[in-house]
Amino acid sequence: MAVVETRKDMYQMSYEANIPDCTLCEPGADLRVLGIGSGSGETDSAILKKLLQRHSSVYNRVVEPSGEMIGRYKALVREDTSLGAVRFDWRQQTAEEYFQTKDDTKFHLIHAVHVLYHVEDLDATLRNMWGQLEDGGYMFVTMQSGKGGWGGLRHKLWEKFGLGDRLKTWCSTSGDVKQRLDTRGISYVTSLDTNNINVSECFKENSENGKLLLDFLTHTPYVSSEAEIKAMALGYIRGNSSSVDDKILFSAMSEVILALKNCAKA
Ligand SMILES: C[S@@+](CC[C@H](N)C(=O)[O-])C[C@H]1O[C@@H](n2cnc3c(N)ncnc32)[C@H](O)[C@@H]1O
């Protein structure tokens, strides 16, 4: 079911475009990159290819808890000869496990693309990422924006059904990251990427694909059996979608946040 109304290569091109050209690195040394929650590697490989335009060798540490995802990422690397100058260091761990390990390696680029919803503590993870960044290095984070439909749905669900600290749940958005950086006096630049999710199936009675998509959008397994959450979510989605031809399109707005570690402020 093609639900996201954007082409995968365009999505990856957008990551390439947002990665800085002029990442600092000592002459002759590897450029060191840390990927948090790399998944199956499509986004990471687009980032690596951009870096390889300027750097002849890259050391890439991959932190990803899912063995299946790491397996897919390794298969992608085997098939893509253009990544030959990258030395991979695979760590099958959560961010929490990884940051508990003592390691003095500093990285020139640390990225977390649509991952920070899953960490136990957003603030602690950002602090740990920043701590492993080399002076003059970049931290690159992407999350849904609360200004888009899907990010807004997270806020609504939290308002109505959430418990505890929202920043320790899936309902965090890019605004939370920016607020944390602002509090610590870290400057950053941002850009927004919008795409549409075809949610038509969610509104078809008894559509199995629709049920699965609604589970995914609400991050709630079997949400169709939770009448109150389902009604709220469908109402919100309907009110924040547009109808195009016979499709109902729900907007998702990704925000890219790029922060430079300025030696003077770090
Ligand atoms: C939405 S995917 C994003 C994958 C990839 N960054 C991308 O943009 O294609 C989220 C990834 O975060 C990983 N993940 C989940 N919990 C995590 C945690 N606590 N620490 C690090 N990664 C985590 C998942 O296994 C999954 O691969």
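1. A quick reminder before the rest: a residue is buried if 20 or more other C-beta atoms lie within 10 Å of its own. Leu-153 has 23 C-beta neighbours inside 10 Å, so Leu-153 counts as buried. Do keep in mind that we're looking at a predicted model.

2. Staying with Leu-153, you'll find this residue in helix α6, which covers residues 149-161. Which residues does Leu-153 touch, once its neighbours within four places in sequence are set aside? The contacts are Leu-217, Ala-233, Tyr-236 and Ile-237.

3. On to the overall fold. The chain is built from nine helices and eight strands. Its radius of gyration is 19 Å, close to the 18 Å that the globule rule gives for 266 residues, so the chain is as compact as a globular protein of that length. As for dimensions, the C-alpha trace spans about 60 × 40 × 30 Å along its principal axes.

4. How much of the chain is buried? Buried residues account for 36% of the 266 residues. The contacts are worth a look too: take those between residues at least 6 apart in sequence, and 76% of them join residues at least 24 apart.

5. Now the inside. The largest nonpolar core has 43 residues, and the members that touch the most others are Leu-116, Met-139 and Val-141. Strand β5 (residues 133-144) is the top contributor to this core, giving six residues. Not counting residues up to four places away in sequence, Val-141 touches Ala-112, Leu-116, Val-177 and Ile-257. One of those partners, Leu-116, is itself among the residues of this core that touch the most other members.

6. Last, the ligand. Which residues come closest to it? Those are Gly-37, Gly-39, Thr-94, Ala-95 and His-118, out of 19 residues that surround the ligand. Two elements give two or more residues to this shell: α2 (42-52) and α4 (95-100). Sorted by class, the shell holds eight nonpolar, eight polar and three charged residues.

Methods:
Residues are numbered from 1 along each chain as its sequence is written. This is a predicted model: local features need pLDDT of at least 70, side-chain atom pairs count only at pLDDT 80 or more; totals for chains, interfaces and linings use all residues. A residue is near a molecule or strand if its C-beta atom, placed from the backbone, lies within 6 Å of it. Helices (H or I, at least four residues) and strands (E, at least two) are DSSP runs, numbered from the N terminus. Ala, Val, Leu, Ile, Met, Phe, Trp, Tyr, Cys and Pro count as nonpolar, Asp, Glu, Lys and Arg as charged, and the others, Gly among them, as polar. A residue is buried if 20 or more other C-beta atoms lie within 10 Å of its own, exposed if 12 or fewer, and partly exposed in between; C-beta atoms are placed from the backbone. Two residues are in contact if their C-beta atoms, placed from the backbone, lie within 7 Å. A nonpolar core is a set of buried Ala, Val, Leu, Ile, Met, Phe, Trp, Tyr and Cys residues joined through C-beta atoms within 7 Å. The radius of gyration is taken over C-alpha atoms; the globule rule is 2.2 Å times the number of residues to the power 0.38.
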